[in-house]
Amino acid sequence: MRAPLLQVEHLAQRYRLPRRTPWGEAPQLQALDDVSFTLQAGRNLGVVGASGSGKSTLARLVMALEKPSAGCVRLLGQDLHALAPTALRQAREHLQMVFQDPYGSLDPRRTVLQSVAEPLAALHRATPAEQRERAAEALEAVGLRASDGARYPHEFSGGQRQRIAIARALVTRPRLIVADEPVSALDVSVQAQVLNLMQDLQDRYGMSYLFISHDLAVVDLVCDEVLVLDRGRIVEQGAPAQLFGRPQHAVTRALLAALPGRGVPPRPVAP
């Protein structure tokens, strides 16, 4: 039986905080607590929650940017946090990330082509000429021109910079893209363009998204399933239509109430 694309099992993360007194114990922050879920290939999972709910911590752990206090993250059956550095570098070919701030995630001293080709250079998967060719193809795939690769990030709008960031994530042909609030820094009209682009790219290349957001309306457009985080724990999980139509938890209801034009949904009546 084929392993799921992504398995997160009993994931927990604690951070040690500064001591309040020189002689006291350092307090700890429980950022994630016993988080488990599975993502099958070709499907998209949304992770929503208010600020401080653990969404970005989850993204960092899935990307193996830091080690968890407990639990594991398996990509294509491999425990990412148990891999040696060389094996983890190879696994990153299948795992890329799009960050919230497109300008902050791009080096202003590098041309766009250099930034988009950077993952290929890090993986040592292609010659410099092949890296440039694949980077140009990725730029065209996100609706930019290959000639735009000679320009610098400050010469583009916010929406165009996020397209560049998506091209950089796309260039290795990953199986999974972790998108951490990828449209929250953009105007509403530009958000729709970027979300439509991400859906088009999925249809074309077949990758999956782990889509992290505070906005249920955004994940409703992209995701097959949504889980709601609160204080590091999953409090509700289901299809978007289920969460919109019959929210069971107060946190989900609050997120829905924050959407423009919506009041607080009525609490479902038990049958």
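Two strands are taken as paired if DSSP finds at least two bridges between them. The legends below apply to a predicted model.

**View 1. Strands β6 and β7 at one end of the pairing scheme.** β6 and β7 run parallel to each other and are joined over four bridges. M97 has V178 as its bridge partner in β7. Side chains leave β6 in two directions: L95 and M97 point one way, while Q96 and V98 point the other way. Each of these four residues of β6 is buried.

**View 2. Pairing of β3 with β8.** Residues 45-48 form strand β3, and residues 208-213 form strand β8. The two strands pair in the parallel sense, again over four bridges. V47 has I212 as its bridge partner in β8.

**View 3. Helix α3 and its packing partners.** Helix α3 covers residues 112-123, and its buried residues are V112, L113, S115, V116, A117, P119, L120 and L123. The buried residues of α3 pack against α2 (85-91), β6, α4 (128-141) and α5. After α3 comes H124, with a positive phi near 55°.

View 4. Leaving out residues up to four places away in sequence, V171 touches V116, P119, L120, R134, A135 and A138. Although V171 and A138 are 33 residues apart along the chain, their C-alpha atoms are separated by 5.7 Å.

**View 5. The nonpolar cores and the surroundings of L216.** The largest nonpolar core has 47 residues. The residues with the most contacts inside this core are V116, L139, I164, I166, L201, F211 and L216. Apart from its neighbours within four places in sequence, L216 is in contact with V48, V226, F244, T252, L255, L256 and L259.

**View 6. Helix α1 and the residue that follows.** Why is helix α1 largely enclosed by the rest of the structure? Six of the eight residues of α1 (residues 55-62) are buried, so the helix is largely enclosed. The buried residues are K55, T57, L58, A59, L61 and V62. A64 follows α1 and has a positive phi, near 60°.

**View 7. R151 over the ring of F156.** The charged end of R151 sits over the ring of F156, at 4.2 Å from the ring centre. As for pairs between rings, the structure holds zero aromatic pairs.

Definitions and conventions: Residues numbered from 1 in each chain as written. Predicted model: local features only at pLDDT ≥ 70, side-chain atom pairs only at ≥ 80, totals over all residues. Heavy atoms only, no water. Core = buried A, V, L, I, M, F, W, Y, C linked by side-chain atoms within 4.5 Å. Buried < 20%, exposed > 50% of the residue type's maximum accessible area, 1.4 Å probe, protein only. Contact = heavy atoms within 4.5 Å. Phe/Tyr/Trp six-rings, centres within 6.5 Å; stacked < 30°, edge-to-face > 60°. Lys NZ or Arg CZ within 6 Å of the ring centre and 35° of its normal.
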